Amino acid sequence: MTSRQRHIAHLYLHAVLTGDEYSDVIELMSGITPHVQAVLPNAVQLDLTSALRYFDLSPYNVVQLAKIRLKALHGIDSSAGLAGNRMLAAMAADASAPGDTTCVPMGQAADWLYPRPITALPGIGRTTAETLRRYGLHTIGQVVDLPAGTLQRLLGAGPARLLAERARGHDPRPVTSVEPAAHLVADLALERDCLDPAQHHRAVLGLTDQIGQRLRGERQITSRLTLTVRYADNSSTTRTRTLPEPTNHSPALAATALGLLNALGLQRARVRAFVIRADALLPADSAYRQLSMDPGDDRARVAEAAADRARRRFGPWAIRPATLADSAFSA
């Protein structure tokens, strides 16, 4: 008995959504299929396999139906990928121009993957990609053609096995219906690709300052930050770090976010956009603080509270960090 061919859609939402708006999108997509998974910060995946008979439409047309509903009911533009598993669908969505849908037909996944850059595979960080490039491996097809033993010597047994599976388009993960966690997102799309590490630093600092202000304004704290960096070739890197303690204090958030940025070692990378997400949110009343013997920490928090009061009265940019003064990255 052969298993039924899966049809997985990945919809990239061209919008910055609040937690409530994201929940509304999940509920809307649940009217098409009960198998909907949130892919933070701005995507959803749908398993359309059981929905095709109900709608009596092709997988492509069901995806178009989902996109039309998003636009008509929530004003959200989207691009999409359609394939036989979650990984291929996400890659196809990444390859789609805004508003378009890219399909990877059954039986053609290997041909579709073969010429694509190795960085297009999810989970392939810049360090792994650089290791492969040093040995002349630039495309997914070159990795597929490499003997398994050689790949293991380059990367180690576990990473090599996982990379080989992904390069061949294998991904058995199911679409799991899980409600998105409460989160806040700040993003910045640069006017032009930026190579300057100092500007990268200022961009991330500005986004964490926005996140801190919003957390304090909504009386929430976060215990985890995620930084996503999108590059000129439309590839991206995402890293997550748990904070030492839940907080809404901007300097603490900035220290964590800048630590994530520095760990990427971007150097002269051509960056197109940054996204910072704060999740695992809790009410500020539940915050705890590690006792500090540094009186400067208390003074910084008092100054921060005074700055928040000034912003509420005179506008969000009445007071800003000196590093961001007169900066195109601060808005």
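Pro246 counts as buried, at 12% relative accessibility, where buried means under 20% relative accessible area, exposed over 50% and partly exposed in between (1.4 Å probe, protein chains only). The residue is placed in strand S8, residues 236-247. Helices (H or I, at least four residues) and strands (E, at least two) are DSSP runs, numbered from the N terminus. The C-alpha atoms of Pro246 and Ala280 are separated by 9.0 Å, and the two residues are 34 residues apart along the chain.

The structure is a predicted model, in which local features need pLDDT of at least 70 and side-chain atom pairs count only at pLDDT 80 or more, while totals for chains, interfaces and linings use all residues. Residues are numbered from 1 along each chain as its sequence is written, and side-chain values use heavy atoms, with hydrogens and water left out.

The protein chain contains 12 helices and 10 strands. Of its 331 residues, 45% count as buried. Among contacts (heavy atoms within 4.5 Å) with a separation of 6 or more, 68% are between residues 24 or more positions apart.

The largest nonpolar core has 28 residues, of which Leu227 and Phe274 touch the most other members. Such a core is a set of buried Ala, Val, Leu, Ile, Met, Phe, Trp, Tyr and Cys residues joined through side-chain atoms within 4.5 Å. Two or more residues of this core come from each of strand S6 (183-194), H10, strand S7 (220-231), helix H11 (250-264) and strand S9 (271-279). H11 gives the most, with six residues. Another core, of 26 residues, lies apart from this one and includes Leu88, Ala89, Ile118 and Leu137. When residues up to four places away in sequence are not counted, the residues touched by Phe274 include Leu188, His200, Val204, Leu227 and Leu261.

Two packed helices are described by the angle between their axes and the distance between the axes. The axes of H10 and H11 come within 9 Å and cross at roughly 145°. These axes are lines fitted to C-alpha atoms, for helices over the stretch in contact, and angles run from 0 to 180 degrees between N-to-C directions. By class, the contact of H10 with H11 has nine nonpolar, six polar and two charged residues. Here Ala, Val, Leu, Ile, Met, Phe, Trp, Tyr, Cys and Pro count as nonpolar, Asp, Glu, Lys and Arg as charged, and the others, Gly among them, as polar.

Arg216 is placed in helix H10 (residues 197-217) and counts as buried, at 14% relative accessibility. Its side chain makes a polar contact with the side chain of Ser250 (3.0 Å). A polar contact is a pair of N or O atoms within 3.5 Å; within protein, one must be able to donate a hydrogen and the other to accept it, and residues adjacent in sequence count only if both atoms are side-chain atoms.

Arg219 lies in the loop between H10 and S7 and counts as exposed, at 53% relative accessibility. Arg219 has a positive phi of about 55° although it is not a glycine. Asp56, also not a glycine, has a positive phi of about 55°. Asp56 is found in the loop between helix H2 (52-55) and helix H3 (59-74) and is exposed, with a relative accessible area of 66%.
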